[in-house]
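I set out to record what I looked up in this model.

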Amino acid sequence: MDISVCVYSTDKNEAENLQRYIAAVLFNADYRSRVMSCSTDSVLRSVTMKYPFVDILFLPATASGISFGEELRKVNRTTTIVFVSDDDRNVFRAFRSLPIAYLINNHDKKQLSEAILRAASWAMAGKSVFYHESRTQILQLKYRDIDYFESEYRIVHIHKSDGECETITAKLDEVEAMLPANIFCRCHQSYLVNIENIDRFNKSDKTVIFKSGAIVFSSKARYQTLIDALKGDAICETV
């Protein structure tokens, strides 16, 4: 599984130097990675604001960099953020964006290497775990343990394959933006299903049947989207 990394800096040379160092560290640690650098806001937004999101993002801990981190977290809770700075003036504000690290001196190679590897480890774990933080709790669930998400106004019920259910305050659109499209598919305005846990799909009444025995319905508008997403991962029956 590849890790995608983006280094953002308005100083093109600085961004490219950090890009090369990150690529070397990940290569030596046996990670398959794709590391890019960018120095323009338009490129930065293209890789962070739309799915598929970049896995790790290195941002300058400047006022503009931190503002972007705060903006990013409104639509993307998946990307792991690392802030880079020459001082600690903005460290408290920076952590509103939930970064994995705040590097005060990126010229310290040992510190930088440790942060890169920690971010990579976190990003890899995030590829298989749903994470949600509220004022009262932090919830982490492995994708394989989730059958589907069900929305009810501003509440989302997470139905697990063991029959248990967790509830979070969120919109289903927000949850969908946090999840990989190759595993979760929106089959209905109210349902977001785990494709890998589907046992079969009944075309006649458009029912999704999970391995656990749970059943949800696909809407007519999203029927073809679900069919395309399955790609042979489930048995489609016509009854």
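The entries below concern a helix, some salt bridges and a strand residue.

I note that this is a predicted model, in which local features need pLDDT of at least 70, side-chain atom pairs count only at pLDDT 80 or more, and totals for chains, interfaces and linings use all residues. Residues are numbered from 1 along each chain as its sequence is written, and side-chain values use heavy atoms, with hydrogens and water left out.

**Helix 1.** I looked up helix 1, residues 12-28 (helices, H or I of at least four residues, and strands, E of at least two, are DSSP runs numbered from the N terminus). I found A15, L18, Q19, I22, V25 and L26 buried (buried is under 20% relative accessible area, exposed over 50%, partly exposed in between, with a 1.4 Å probe and protein chains only).

**Salt bridges.** I counted 10 in the structure (a side-chain nitrogen of Lys or Arg within 4 Å of a carboxyl oxygen of Asp or Glu). R93 and E70 meet at 3.1 Å, N to O. This pair links helix 4 (residues 91-94) with helix 3 (residues 63-72). R96 also bridges to E70, at 3.6 Å.

**Strand 8.** I placed S151 in strand 8, residues 146-152. S151 is buried, at 19%.

Definitions and conventions: The expected span of a helix is 1.5 Å times one less than its number of residues.
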